[in-house]
Amino acid sequence: MSSHPRPALAVIGGSGFYDFFDNDATDVEIDTPYGTPSAPIAIGEVEGRAVAFLPRHGKRHQYAPHTLPYLANMWALRSLGVRRVLAPCAVGSLRADWGPGTVGVPAQLVDRTSGRMQTYFGGGGVHVSFADPYCDELRTAAIESAIPELPLKVGGTMVVVQGPRFSTRAESRWFAEQGWDLVNMTGHPEAVLARELELCYAAVALVTDLDAGLEEGDGVHAVDVFAEFERNLGPFKELIRRAIAAVPGEDTCDRCRVHAGVSLPFELP
Ligand SMILES: [Zn+2]
């Protein structure tokens, strides 16, 4: 069995994050009661800290947002000793003043997915508090790590849609009319599963495009989204690296440890 440091912090990110580590990472294969995660989990060092990295969509980008093994991913991280998860993601913008290259650190999410398994609880009267879905300590670390190339917007709401299709213009306009700011396909159930496992979790969202209701052309296309993501990936990775360094070393966050004193219907890994 390979030896690796025990990571307290994890990053779940897109495929561009492979060359993220300061040293050679170790790939750890993990099986969970919920199946295997999207990929082996890479453990390496960033800014002197042991960090776990999981490519959300798999190493070959083989998992679409609606087929991702969300339960296995979060369980696997927790079982490695992870207690905090930074979740960079690509998003569409629902506001003209948050253009491509903007980084959002949302405060709220709205779940518009359907049919996704979104809980580890199989029964019993367990209702997890989710009023504030993101960890303030992690959000603060990301906000303090802003870099000049990418304007950073604090707060707002990310609506998570089922995908894999993009929104219609009518849906997009309706989302914007609700006062929502960003649209994404993977932020739920990732956030709530993190909460159930008492993991600190924060989304850090890179805007790749204006959503269909705002843009003037012929709609959102995947090729443009990936090209825009690629263009801003270097500075975005730098922001995430800085955020890792800015996360408090001590495990001080009580707010995300929701189950203290509550008996869970399962053992936390
Ligand atoms: Zn927290």
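Entry 1: I began with the lining of the second largest pocket, which by class has 3 nonpolar, 3 polar and 3 charged residues. I note here that I am working with a predicted model. The volume of this second largest pocket comes to about 160 Å³. I then looked up which residues line the pocket, and I found Arg 112, Val 161, Gln 162, Gly 163, Arg 165, Phe 166, Ser 167, Glu 171 and Phe 175.

**Entry 2: cis peptide bonds.** Gly 163 belongs to that lining, and I saw that the peptide bond leading from Gly 163 to Pro 164 is cis, with omega near -5 degrees. I located Pro 164 in the loop between strand 9 (157-161) and helix 3 (169-177). I also looked at His 188 and Pro 189, which are joined by a cis peptide bond with omega of about 15 degrees, and I placed Pro 189 in helix 4.

**Entry 3: two helices.** I next turned to how helix 4 (residues 187-196) packs with helix 1 (residues 70-79), and I noted an angle of about 40 degrees, with the axes 9 Å apart. Because of this angle, helix 1 is oblique to helix 4. I recorded the crossing of the two helices as right-handed. From helix 1, Tyr 70, Leu 71 and Met 74 meet His 188, Pro 189, Glu 190, Leu 193 and Ala 194 of helix 4. I sorted the residues of this contact into 6 nonpolar, 1 polar and 1 charged.

**Entry 4: a backbone angle.** Lastly I checked Glu 47, which has a positive phi of about 50 degrees although it is not a glycine, and I found Glu 47 in the loop between strand 3 (41-46) and strand 4 (49-55).

Definitions and conventions:
Residues numbered from 1 in each chain as written. Predicted model: local features only at pLDDT ≥ 70, side-chain atom pairs only at ≥ 80, totals over all residues. Heavy atoms only, no water. 1 Å grid on protein atoms, 1.4 Å probe; cavity = no way out; pocket = protein on both sides within 12 Å on 5 of 7 lines; lining within 4 Å. Points joined across faces, edges and corners; volume = space filled by probe spheres on them. Nonpolar A, V, L, I, M, F, W, Y, C, P; charged D, E, K, R; others polar. Axes fitted to C-alpha atoms, helices over the stretch in contact; angles between N-to-C directions. Helix = DSSP H or I, 4+ residues; strand = E, 2+ residues; numbered from the N terminus. Parallel < 35°, antiparallel > 145°, perpendicular 65-115°, else oblique. Left-handed = near helix turned anticlockwise from the far one by under 90°. Contact = heavy atoms within 4.5 Å.
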